[in-house]
Amino acid sequence: MIISKKHVVITGANRGIGLGIAKMCAQEGAHLHLAIRSQNPSLVKELIDLGAASVQIWESDLSQARDVEKLILNLNDVPIDILINNAGQLTGGLLENQPLDEINSMFQVNVLSLIQLTRGLLPNMIRRGSGKIVNNASVSAIMHFPCASTYAASKAAVLAFTDCLEIELKETGVSTLVLITPGIKTRMFDDIDTKYSDHLEVPQDSISTEEYAQQIKAAIFDDRSALMPKGLTAIGLWVSKYLPALFKFGTLRRFHR
Ligand SMILES: NC(=O)c1ccc[n+]([C@@H]2O[C@H](COP(=O)([O-])OP(=O)(O)OC[C@H]3O[C@@H](n4cnc5c(N)ncnc54)[C@H](OP(=O)(O)O)[C@@H]3O)[C@@H](O)[C@H]2O)c1
């Protein structure tokens with residue numbers, strides 16, 4: 001699918017990967033609908049200057065199901081072509097030390113609001129016979145590290161949800177793309193170090209949000225169902241999937257309680 005002139009919803013578009021995607025879509029001349037926590041006139045101006053056909057901000061706290069419901073109602077009359085479920089939170093550390101309210105909020109944003117928003121916007125896409133749902137998972141959905149127990153569980157849920165939906169949507173004209181996102185230099189990437197590094201040697205390789213947004217653009221254009229990481233991360237992913245004992249052995253050497 002080409003992005004030019006399409007109506008694109010992006011969650012968590014005010015920073016990080018979401019901002020990179022918003023800028024890329026603006027350069028393609030898309031109509032942008034940004035689900036972020038507060039109004040941001042300078043962001044609107046920046047995206048219009050980059051070439052966006054229009055920019056609308058929908059204030060939404062995605063940890064609140066009521067806000068997601070309001071967002072769905074607001075978007076009911078908009079012919080949404082692409083939904084990019086990107087917003088996410090990170091939990092980490094030894095399970096017994098992770099605050100329960102952080103775990104609950106993370107699941108609400110990473111999993112439940114993603115499902116609720118997809119479920120809410122899907123019927124119009126199916127009716128129109130066209131649409132693309134892009135879900136930002138993570139390498140953590142497949143590569144299971146200590147200290148990432150709850151975050152990895154949330155991203156495994158995103159991957160499973162998207163895989164099921166891909167088949168369910170066969171012949172509707174609506175398709176899915178799951179992002180098996182590797183390390184991208186953002187606030188969350190820096191938080192990984194803070195949250196995990198007391199117990200785990202954290203891999204430091206990362207790419208920029210701009211580079212990743214270009215990879216996402218190509219994956220949407222080619223109608224791919226998954227965007228997989230490249231380079232060293234791709235090798236790690238392969239080992240975790242096909243040689244799990246070796247992966248666990250290597251991970252244990254980098255972990256201490
Ligand atoms: N960076 C990586 O290495 C990496 C790797 C794998 C997967 N990912 C995934 O990529 C996605 C984007 O992450 P990022 O790296 O760009 O992180 P980030 O810079 O921390 O951005 C996270 C985004 O999610 C938004 N968000 C969080 N809680 C929200 C809430 N309750 N309501 C509305 N928006 C909320 C944030 O909004 P505020 O600014 O208002 O907090 C922000 O826009 C996430 O799903 C993450 O799990 C990232």
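Tutor: Two strands pair if DSSP finds at least two bridges between them; strands (E, at least two residues) and helices (H or I, at least four) are DSSP runs numbered from the N terminus. This is a predicted model, in which local features need pLDDT of at least 70 and side-chain atom pairs count only at pLDDT 80 or more, while totals for chains, interfaces and linings use all residues. Residues are numbered from 1 along each chain as its sequence is written.

The strand to take is β4, residues 82-85. On one flank, β4 pairs with β5 (residues 131-136) in the parallel sense, over 4 bridges. In this pairing isoleucine 82 is placed opposite lysine 132 of β5. Between β4 and β5 the chain passes through helix α4 (residues 100-128), and the β-α-β crossover is right-handed (clockwise from the first strand over the helix to the second, with the strands pointing away from the viewer). Strand β1 (residues 7-11) is also parallel to β4, joined to it by 3 bridges. Here leucine 83 of β4 faces valine 9.

Both faces of β4 are covered. Ile82 and Ile84 are buried on one side, and Leu83 and Asn85 are buried on the other (buried: 20 or more other C-beta atoms, placed from the backbone, within 10 Å of the residue's own). Across the protein chain, buried residues make up 42% of the 257 residues.

Note on methods
Buried ≥ 20, exposed ≤ 12 C-beta atoms within 10 Å, placed from the backbone.
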